[in-house]
Amino acid sequence: MRALRTGSKELIKEINRFKVLNIIRHQQPVSRSEIAKQCDLGVSTLSYIIEELKTQRLIYEVGEATSTGGRKAKLLRFNKDHGYIISVKIEEEQILTALTNMEGEILCKRYALFSKKDSPENVTDMIESEIHQIFTQEKKDLSFLLGIGILSSGLVNRHDGTIIRSSMLGWENVPITRMVKESFPEVQVFVDNNINGYTLAELEKGEGKSSQNFLVVSIGAGVGLSVVIDRKIYYGSVGGAGEFGHTTLVPNGYPCHCGQNGCLEMYASEFYFKNKAEDQVSSYSSSKLTDFHFSEVARAAEEGNEFAMNLMKEMGSYLGYGLRNLINTFNPDKIIIVGEGVKYSHLFNHEVNLIANDNFFEKVDIKTELVFSGLNDDAWFTGGALLAINQIFQEPIYEPIKAGL
Ligand SMILES: [Zn+2]
């Protein structure tokens with residue numbers, strides 16, 4: 001559990017400053033009177049804070065509020081060009097890097113490949129080189145880089161900036177923020193896992209904007225989950241909340257790469273296609289299906305291959321049972337489905353809805369919305385940037401997360 005900072009006059013001033021700044025960031029353009037109402041601050045204190053933020057180029061005044069007579073009020077906006085953020089996504093064999101402004105809007109992006117043989121040190125060197133190349137290419141001043149947000153697969157301890165274990169990368173106990181910070185000592189560096197990053201983008205720019213309590217479920221090569229309670233991601237004890245893919249769906253079912261049997265991930269993701277084919281060799285061999293990637297099974301199903309069509313529908317049913325369990329456990333406002341599988345949802349959507357909607361709450365006419373994400377793949381970059389931005393502008397009530405120190 002994170003320690004609360006002890007109070008002092010300076011701390012209270014700092015908290016108020018961040019409160020004002022965050023109201024402007026999230027509600028801009030906003031008037032001084034609206035800020036005063038929400039912060040419960042006196043006129044002189046608020047004026048002092050606003051002048052200070054203006055001097056630091058964090059905010060600026062713009063236009064005028066609709067007047068009902070009398071003096072027209074100026075509105076305040078956050079200066080999104082105050083600095084830059086780098087967002088990095090470490091994938092199985094490539095690094096995706098984007099430069100964003102202070103609102104997570106993407107200014108440019110790059111891709112670089114690495115091989116499975118590369119060590120975490122090699123990959124960190126590549127991240128450093130990618131960042132330098134972006135700043136050179138975009139003719140930007142590196143001294144304006146304020147934060148780096150890194151998204152990775154696996155179990156991540158965001159407090160000490162370590163990738164505890166990623167089976168996809170074959171990494172264990174990699175202190176990634178500390179390693180990256182060695183090359184950028186003045187910059188704050190943060191890490192989280194992929195799906196939590198995507199969820200930050202949903203919270204600010206997607207389906208999550210209007211929701212207090214929701215779940216994000218990713219489907220594709222595996223199954224991921226991010227839990228949002230009162231608009232905050234729930235992390236669990238060491239940051240591992242959301243290993244929903246490894247909950248048991250079928251006792252003694254297909255063996256899973258995690259060491260258990262019958263995990264949801266073996267049924268409600270791409271893994272299911274191969275598992276089922278190995279189970280039903282005769283119908284599989286007559287199906288002429290040879291590739292079990294989501295895209296290939298989906299293509300075959302679209303072309304009318306019956307075996308592939310059934311695989312999609314059965315996978316959808318299992319996913320439906322998984323979502324029903326989530327609805328009954330969390331009673332969320334909505335579940336947002338994201339990931340590669342969304343592209344092919346027309347092939348299994350019916351089964352998912354049929355089963356997931358037949359849940360405990362439905363019996364008393366309480367509906368849980370199931371939606372597919374409207375964001376595109378850039379949401380990973382936005383999420384990685386927001387990971388850094390949100391920490392940089394967090395109200396300082398807690399002892400800070402060690403930003404790769
Ligand atoms: Zn498992």
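How many residues does helix α1 have, and how far does it reach from its first C-alpha to its last?

1. Helix α1 (residues 9-27) has 19 residues and reaches 27 Å, close to the 27 Å expected at 1.5 Å a residue. Helices here are DSSP runs of H or I with at least four residues, strands are runs of E with at least two, and both are numbered from the N terminus. The expected span is 1.5 Å times one less than the number of residues.

2. The model is predicted: local features need pLDDT of at least 70, side-chain atom pairs count only at pLDDT 80 or more, and totals for chains, interfaces and linings use all residues. Residues are numbered from 1 along each chain as its sequence is written, and side-chain values use heavy atoms, leaving out hydrogens and water.

3. Among the buried residues of α1 are Arg17, Phe18 and Arg25; buried means under 20% relative accessible area, exposed over 50%, and partly exposed in between (1.4 Å probe, protein chains only).

4. Rings of Phe, Tyr and Trp (its six-membered ring) pair if their centres lie within 6.5 Å; planes under 30 degrees apart count as stacked, over 60 as edge-to-face and the rest as tilted. The count by this rule is 11 aromatic pairs. Phenylalanine 294 and tyrosine 344 are stacked, at 5.7 Å centre to centre and 15 degrees between the planes. This pair links helix α9 (residues 294-302) with the loop between β15 (334-338) and α11 (349-356), its members being 50 residues apart. Both phenylalanine 294 and tyrosine 344 are buried.

5. Phenylalanine 294 also pairs with phenylalanine 348: the centres are 6.3 Å apart and the planes are at 55 degrees, so this pair is tilted.
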